[in-house]
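Walk through this model with the viewer open. Begin at a single residue, then step back to the chains and their contact.

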Amino acid sequence: MLLRYDAAIIGAGADGLAAAITLARSGLKVIVLERNEKPGGRCITREFHPGFHASPFCDEVPPIPAEIFWALDLARHGAVFIPSLVSTALWPDRARSIRSDQNREQEQAAAVTKAALARAGADAAFQKRSPFWRAHPLSDSWPGETWATQSLADVLVSDAGDDDALALAMARALEGRLAHPDLAGTALHLLALACSGQAVGGLQSLTESLLSVLQSAGSEILCGLEVTDILRRDGRTSGLRLADGTEIAARAVISTLDLKRTFLSLFAWNDLPAETSRRVASFRMNGSTARLLFALDGLPERPAFVDIDLFAGPIHIAPSTTGFGPAYAAWRGGTVAEHPPITLRFTSVRDPRLCPAGTATLTATVGAVPARLFNGAWTHEKRDALSEQVLDAIESVLPGTGARVRASELIVPPDIEQALGCTDGDLWGGEIAPDQMLALRPWLDSVAPRTSIDGLYLAGRSTAAGVLGTCVSGVFAAQAVMADLKAGHLK
Amino acid sequence: MSGPESNDAIVIGGGTSGLVAAAYLAKTGKKVLLLEAKDKLGGLCAPGNLAEGFKIAAGAQTLYALDPVVVRELKLPKKGLRFASRELALTGLRSDGKHVVISGDVHDTASSIALHSQRDADTWPRFRKELFEMARAMRPLWWESQGAFPTGIEGQKIERLARMSSGAWLDSWFESDAIKATLCFDSTAGGHSVLEPGSALSLVWRAAQEMSGLQGAVAIPRGGLAALTEALIAAAQDAGCEIRSGVEVVRVILDGERAAGVQMRSGETCFAPLVFSAIGSFRLFSRLLLPGTLGIARTEASRRRPSVAQARVVMTLRRVPQISSDAILPASRFILAERLETYVAADLAARNGDLSDELPMEFVIPTTADASLAPPGQHILSARVRPVPRYPAEGWAALSTRLGGQVVASLERLVPGLSRDIAHIEISRPDLLENALPLNVPHMLTTAARRVETPIAGLFLCGADAEPVPAVSGRAARIAVASALAVRR
């Protein structure tokens with residue numbers, strides 16, 4: 001049986017679902033294909049210990065721009081985000097907090113993000129391939145491109161009064177990722193902030209509301225079957241083949257997988273133009289995030305020197321301006337640093353339904369954790385050692401936490417790769433580097449979401465819009481498909 | 001402020017750039033005074049005092065960026081500038097003995113690369129062609145005062161490359177670490193990490209240079225680099241320039257918002273409507289100008305300094321070093337760096353104030369090209385090590401001892417017996433990077449006219465850090481003089 005659709009979308013994460021909603025609402029026949037049994041991608045929440053729930057891969061995502069949030073009608077379908085009002089850097093003897101509404105870099109980053117998204121949206125909606133390059137360098141460029149030549153330290157140092165404030169600002173910008181903050185180009189990390197706030201009920205609730213909107217828009221969704229091939233006829237995309245051999249014909253295919261996985265696993269390697277394979281192969285993906293989920297018997301004691309509601313926002317453990325460099329060096333060498341950057345979130349404080357009354361859930365996001373260790377695979381011993389190390393670090397600033405741990409679960413980059421299909425467990429769709437960001441993400445001569453293959457569109461974190469916001473890249477890919485259908489570019 | 005004592009122009013600093021500026025100004029009939037703080041002229045190319053009978057320049061070890069226009073217009077060959085070697089090959093020394101020799105001959109180079117990877121050997125001619133084409137497209141911008149950024153496909157490639165690190169760029173072309181690590185050394189000039197944008201552009205900048213008409217060549221003058229200084233002094237003096245050495249300038253005197261002259265350490269003052277600074281811009285902006293003279297942004301920017309530096313290790317040898325393989329050309333520059341990660345590790349350690357276990361270095365043995373540089377039978381080995389920490393945790397004195405030991409040990413691994421032949425060793429920190437501002441991509445892509453100007457009218461930069469990448473060149477000096485005279489007219 002041959003199934004025929006206007007568009008097929010690979011991956012039922014937030015971006016894929018947003019793309020499907022946008023296309024289905026305009027009357028197109030759409031199908032979403034998901035490899036896992038359940039849709040959601042990283043936006044899922046599960047019970048990791050009886051009674052205790054957490055979103056395993058992240059607690060917050062890059063924000064959904066307001067106009068898309070309302071256009072998708074997510075609020076009516078139950079998506080509610082509670083922004084964290086305060087982030088804290090906690091040392092054994094002192095603490096430093098910053099309120100989100102008094103945070104200049106975040107405001108600046110938000111303004112740049114908005115302008116960059118407008119630019120990406122204009123590119124997507126444009127019907128023909130736009131003349132991409134400007135005559136003069138670094139002038140008429142994307143918003144935020146000045147950050148491509150500046151280091152994180154350069155940008156943050158002028159606002160931060162002292163070392164502690166600077167360390168906190170760096171920890172916020174690099175959460176779960178890594179970079180040497182003195183190297184030029186690292187300022188771009190400010191654009192990749194996951195600061196949506198915590199979703200009520202965990203990130204699963206975002207997925208639920210997207211699914212509910214999708215249902216009313218009338219799109220099909222097929223879970224539990226992996227797409228194995230993108231089919232091409234006469235050089236253009238003609239459809240998909242699934243793991244059970246089913247072929248689906250589609251005029252357009254939107255992939256929300258990362259760039260490498262899209263091109264290297266869905267095409268035979270000799271099926272691609274040589275230049276495309278070379279570019280894809282040299283795209284850098286860096287798994288660097290580990291997550292620890294804790295079921296606690298209760299909140300730890302608040303340190304005596306802290307006078308704010310510490311547990312209501314993210315807590316960065318003892319950041320130091322000189323600590324990120326060595327952590328980065330260790331990661332390059334395939335080891336876990338002595339003091340990796342760790343961010344804690346007591347998620348049940350803002351969202352008590354995540355665990356039984358009187359208990360607490362805690363997530364730790366650890367940065368600079370290599371996907372491949374220099375001494376081989378992530379064995380049980382190495383996992384235990386990392387859990388131990390993180391717990392020790394938590395204990396150093398919040399004594400007594402260790403005694404309250406009822407259960408814990410560790411997720412390292414290979415686990416993320418297996419669960420979500422992100423190459424090397426890179427949750428960001430590729431290294432945040434000047435040659436892989438903004439206009440150059442994923443590469444220069446295709447105006448993302450369009451790719452060098454006609455009829456294949458890229459959404460998700462490997463595109464410029466995907467790092468800047470959630471759901472946006474899917475909406476843009478859908479707009480590009482609609483523009484190209486209207487212009488008769490797709491058969 | 002004109003009087004019998006006044007000059008038309010004052011040049012601060014008597015290095016290559018200062019001498020070029022002075023010579024150009026004097027050639028147009030200006031009354032020029034050049035002031036050098038040290039006793040010897042030449043800066044990095046001043047004769048160094050190594051040991052009796054050995055000739056080696058104080059800071060630089062090869063010439064690769066000398067402006068051909070300067071050579072022609074100042075008639076340097078007539079003033080005695082000759083080359084002992086016009087094109088040194090680039091040899092990556094490998095611990096496995098499969099040394100990579102990169103020379104102007106594409107086929108020889110490819111067959112040397114083929115020892116490591118046939119695919120890379122096939123790639124080499126394409127890479128070289130692309131590199132050289134991009135480099136030629138950038139010459140107008142880098143060589144002329146109002147040159148334009150290339151348009152069309154070359155411009156697109158450069159824009160992308162400007163955002164790229166040399167590590168990522170070379171990774172996208174080659175698979176073998178041997179070739180990548182050998183090519184990467186030149187990209188770390190100016191304190192760039194091989195992970196930073198700008199480092200790939202540095203490679204293009206190197207390829208845009210021309211020595212004796214050969215693109216991307218590296219040369220050694222006959223009589224050492226001090227021969228260049230002598231030729232330039234002759235050119236400046238023949239044109240009628242007044243040169244005073246041993247005179248340190250401590251202040252640039254301003255008249256309102258214009259430069260009006262300089263004050264020396266002795267208290268003596270000199271006046272001129274044009275002042276050219278061939279010293280590092282960090283020193284100029286932070287010491288020679290009164291605080292608050294520059295805008296806040298410029299002061300803020302000039303406070304940031306590169307956190308990595310380079311070191312130079314020079315040794316005299318009792319006999320010619322025997323490098324075991326006979327495939328090595330005698331006159332070559334040698335790179336010691338096994339992998340790209342060697343650079344990354346050294347850079348990350350340097351930013352942390354420490355030395356990494358393996359230090360990337362480039363060394364030459366100039367005496368194999370020009371025997372007159374040393375007493376008969378003896379040799380000089382000059383090595384440039386980078387990146388090393390600019391702010392070593394243990395202090396420079398302690399670090400340099402450790403550095404010297406590490407350099408000798410890594411040379412010994414490739415040239416067994418070398419350490420026994422060392423008669424004398426000297427470790428220094430040439431200040432090419434020391435007084436410079438950190439490199440950044442906008443600086444590399446702006447027009448030359450913008451690079452030489454300062455917020456103060458009549459004050460121009462003409463030294464190494466007014467070049468896109470700091471180097472012994474003279475190009476910025478030529479352009480600074482042209483811009484200054486154009487403004488005056």
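Ala368(A) counts as buried because it has 29 C-beta neighbours inside 10 Å. The cut-offs are these: buried means 20 or more other C-beta atoms within 10 Å of the residue's own, exposed means 12 or fewer, and partly exposed lies in between, with C-beta atoms placed from the backbone. Ala368(A) sits in the loop between β16 (360-366) and α11 (380-397) of chain A. Its phi is positive, about 60°, although the residue is not a glycine. Helices here are DSSP runs of H or I with at least four residues, strands are runs of E with at least two, and both are numbered from the N terminus.

This is a predicted model, in which local features need pLDDT of at least 70, side-chain atom pairs count only at pLDDT 80 or more, and totals for chains, interfaces and linings use all residues. Residues are numbered from 1 along each chain as its sequence is written, while chains are lettered from A and ligands numbered from 1 in the order in which they are written.

Cys471(A) also has a positive phi, near 70°, and is a residue other than glycine. Look for it in the loop between α14 (464-468) and α15 (472-486) of chain A. Cys471(A) is buried, with 32 other C-beta atoms within 10 Å.

Now turn to helix α13 (residues 413-420) of chain A. Its buried residues are Pro413(A), Ile416(A) and Leu420(A). They cover an arc of only 55° around the axis, which puts them on the same side of α13(A). The arc is that of the directions from the helix axis to the C-beta atoms. What do these buried residues pack against? Their partners are β13 (290-296) and β17 (405-411) of chain A. Just after the helix, Gly421(A) takes a positive phi of about 80°.

For 491 residues, a compact globule would have a radius of gyration near 23 Å; chain A has 22 Å, which agrees. That radius is taken over C-alpha atoms, and the globule rule is 2.2 Å times the number of residues to the power 0.38. Of the 491 residues, 55% count as buried. Residues 24 or more positions apart account for 75% of the chain A contacts with a separation of 6 or more. Two residues are in contact if their C-beta atoms, placed from the backbone, lie within 7 Å.

Chain B has 17 helices and 19 strands. Its C-alpha atoms fill a box of roughly 70 × 55 × 45 Å along the principal axes. Of its 489 residues, 55% count as buried. Chain B averages a pLDDT of 89, and 93% of the residues score at least 70. pLDDT is the predictor's confidence in each residue, from 0 to 100.

Which residues touch the most other members of the largest nonpolar core? Among its 315 residues, they are Ala21(B) and Ala480(B). Helix α4 (residues 118-143) of chain B gives this core its largest share, nine residues. Such a core is a set of buried Ala, Val, Leu, Ile, Met, Phe, Trp, Tyr and Cys residues joined through C-beta atoms within 7 Å. Setting aside residues up to four places away in sequence, Ala480(B) touches several partners, including Ala21(B), Phe276(B) and Val452(B).

Helix α10 (residues 281-288) of chain B has four residues to check: Ser281(B), Leu284(B), Phe285(B) and Leu288(B) are its buried ones. They fall within an arc of 120° seen down the axis, so they line one face of the helix.

With 10 C-beta neighbours inside 10 Å, Ser95(B) counts as exposed. Leaving aside neighbours within four places in sequence, Ser95(B) is in contact with Glu338(B) and Arg413(B).

One peptide bond deserves a look. Arg386(B) and Pro387(B) are joined by a cis peptide bond, with omega about 0°. Pro387(B) is found in strand β17 (residues 379-389) of chain B.

Finally, the two chains meet. The contact takes 26 residues from chain B and 24 residues from chain A. On the chain B side, the elements giving two or more residues are α5 (152-162), α6 (166-173), α12 (340-351) and α15 (441-445). The predictor gives the complex an ipTM of 0.86 and a pTM of 0.90.
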